[in-house]
Amino acid sequence: MDALATAFGLVFQPYVLLVILLSATYGLFVGAIPGLTATMATALLVPVTFFMAPVPAVAAIVTATAMAIFSGDIPSALLRMPGTPASAAYADEAYALTRKGQAELALGAGLVFSVLGGIFGVLVLIVAAPALAEVALKFSSFEYFWLVMLGFTSAIFIAGNDVLKGCTSMLIGLLISCVGLENPAGAPRYTFGNAELMGGISLIPLMIGMFAVAEVLRFALAREKPVMAVDRPFGNVFAGMWALLKKYPLQLLRGSTLGTVIGALPGAGADIAAWMSYAISKRFSKEPHKFGTGHVEGIVESGAANNSALGGAWIPALVFGIPGDSITAIAIGVLYMKNMNPGPMLFVENPQNIYAVFIVFIVAQLLMLPLGWMAILAAKRILRVPAALLMPLILLFCIVGSFAINNTLFGVVIMGVAGVLAFFMERWGFPVAPTILGVVLGTMLEEHFFSSLVKADGQLWPFFERPIAGALGALVLLIWLWPLARRLLRRAPLRSA
Amino acid sequence: MRAVDLRVGVALALLAAAVLWSAQAFPVVPGQQLGAGFLPKLVGTGLLLCGLGLVLRSLRGVAYDDPVAASSSSWRDIASALLILATIAAYIALADKLGFLLIAPLCLLAVFRVLRVGWAPAIGFALGGTLLVHLAFYKLLRVPLPWGVLPPLY
């Protein structure tokens, strides 16, 4: 209880509250501008959080991302352009509602069910993370090895529809993680005699490059002129929300649950949660024919899903140091910089910090109602800001931010190269998320594999000997072999015929 | 997409070969059979398989649905992207020599103009943006942005 009181003290002080308020405004703005994503908001925020104490640093990231995922709904409804990829799943639906003169309903449902889904995700995080940490305290390198493998597996099989390309992306990430001295033999790998590369590729400049610079390049290449669908002042966006809640409680619960689970799975985040939720909502709806014509049911379900995914993603990030999505991949980097190394010991040694993170999560969700409403009212002004004015400033911010992490221009080099890499990967259909996961988890994979191998004396069966390790290992192998098995099963009757 | 997949597949296979070749030279952990070369070898093998898989797939003409269709960017747009990269390169090359307060507005101005922002707002925002970033990072966050040819003012 002492820790909880300390945590409240850590959060409720003017400085932290100011940080929360500022990052909320920042998140709402970035999320509402099409082309600027929640992950980009996080990556750009890191150089600033670098100079803060742990709790405000994490508070800034948590608040900004929650707000950005909601405000991505605003341009979806008004311009048919999702503000962040997480809103893409139901952008057509929201825009169709607006065209029917029901912009308030689309925006209100986006806001209210984002908050409800977000709170659901946070509650699961609060219950599940300490319980999981309890179990994880007993984990050895075998369990961690399989967890990392499971992370890669889910990133490849869930996050994309093309396993081959997902796999390639992950391997590119692993290759990037090979650079430097940090390996079992302590030998320099791919440093090409460059002293800056000895410490490895710095994660934050890499992320800034992959998520912000790539976006600036994409903007330079393809510019769309959006058309605003409403030209009248908004009415009350909260009208009719209670009726919606009473009409779609199951949809809310289903969306939030799926979102939390997808968020917790490594490599898949809010955007995939929204796509899957929207599809499920349509599948089980009593009125599936209305989907796509401006029907609010899908917005309720997937709007809740993408915000609940945020809380879910923090579960593996805090407990195992395995990011649940690209945002937590960056957040893990921040935790390490702040000496809040993720893992079960964090719950034992620094419970007040964990509780503080939980409190920030709840505060952010509650703040979303008034601030989100204000953002909706200001939407037309925000959306009139020309992106051509923002992009150069963002680029300068990227450059200075990449420099500031280690105070070296080499960070800017990493940023530029990563930006080009991510730009082409995206263009050629290779997902970026598995690459990030490969970079973040590469060192962990190698370390746990080697210590497991030493413990196992070079044998492979001890990898399956402990019950949890065995179960995780079996699960990984099953997922990998399933497509093959299914193909063989399908072919077998053909051959006999 | 097929042609792109084919080329990317070949490039990946070549990269994989280079990784596998380089991995031979990495030392092993004393007393162990494996060492620093293990992960690169694993990655190299994986990339080789993925690269060959992409080549085979595109030769067999399997059409995979890709969300990003090859969009038709004009040469002017491609030049814009290249100019933005050149601006980043110019910053890297000249930041220490010229100093942040000189190179940053030039870079900003270049990118504004590349994105077809008019001269007046471009100059205004280039100067204002530089000042803002300088104040935020140098003053507030104490990031040692280089002064270059300018004498340190404070």
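The legends below describe close-up views of a predicted model.

**View 1. The two domains of chain A.** The domain assignment divides chain A into domain 1 (2-465) and domain 2 (466-497). Their C-alpha centres are 31 Å apart. Contact between them involves 18 residues of domain 1 of chain A and 14 residues of domain 2 of chain A. Together the two domains bury about 1,300 Å², and carbon and sulfur atoms account for 78% of that area.

View 2. The interface of domain 1 of chain A and domain 2 of chain A holds 1 salt bridge. A salt bridge is formed by the side chains of A:Arg466 and A:Glu143, with an N to O distance of 2.7 Å. On the domain 1 side, helix H8 (residues 141-159) of chain A gives the most, with 9 residues. By class, the side of domain 1 of chain A that touches domain 2 of chain A has 13 nonpolar, 2 polar and 3 charged residues.

**View 3. The interface of chain A and chain B.** Here 60 residues of chain A are in contact with 62 residues of chain B. The buried area between the chains is about 5,200 Å², with 80% of it on carbon and sulfur atoms. The chains are linked by 2 salt bridges and by 4 residue pairs in polar contact, both residues at pLDDT 80 or more. On the chain A side, the elements that give two or more residues include helix H3 (38-49), helix H9 (163-178) and helix H10 (203-221) of chain A. Helix H19 (387-406) of chain A is also one of these elements, and the largest share, 13 residues, comes from it. The side of chain A that touches chain B is made up of 45 nonpolar, 8 polar and 7 charged residues.

**View 4. A salt bridge beside helix H6 of chain A.** A search of the whole structure gives 10 salt bridges over all chains. One pairs the side chains of A:Arg80 and A:Asp92, 2.9 Å from N to O. A:Arg80 sits in the loop between helix H5 (73-79) and helix H6 (91-99) of chain A, while A:Asp92 is in helix H6 of chain A, 12 residues apart. A:Arg80 is partly exposed, at 46% relative accessible area, and A:Asp92 is partly exposed at 45%.

**View 5. A salt bridge between the chains.** B:Asp5 belongs to helix H1 (residues 2-23) of chain B and A:Lys165 to helix H9 of chain A, so this pair joins two chains. Their side chains meet at 2.8 Å, N to O. B:Asp5 counts as buried because its relative accessibility is 6%, under the 20% limit. A:Lys165, at 0% relative accessibility, is buried as well.

View 6. The side chains of A:Arg218 and A:Glu426 form a salt bridge of 3.2 Å, N to O. A:Arg218 is partly exposed at 22% relative accessibility, and A:Glu426 is partly exposed at 32%. Elsewhere, salt bridges with shared partners join A:Asp162, A:Lys165, B:Asp5 and B:Arg57 into one network.

Key:
Residues numbered from 1 in each chain as written. Chains lettered and ligands numbered in written order. Predicted model: local features only at pLDDT ≥ 70, side-chain atom pairs only at ≥ 80, totals over all residues. Heavy atoms only, no water. Domains from an automatic or database assignment. Contact = heavy atoms within 4.5 Å. Buried area = accessible area lost by both parts, 1.4 Å probe. Salt bridge = Lys/Arg side-chain N within 4 Å of Asp/Glu carboxyl O. Helix = DSSP H or I, 4+ residues; strand = E, 2+ residues; numbered from the N terminus. Nonpolar A, V, L, I, M, F, W, Y, C, P; charged D, E, K, R; others polar. Polar contact = N/O pair within 3.5 Å; in protein donor to acceptor, adjacent residues only side chain to side chain. Buried < 20%, exposed > 50% of the residue type's maximum accessible area, 1.4 Å probe, protein only.
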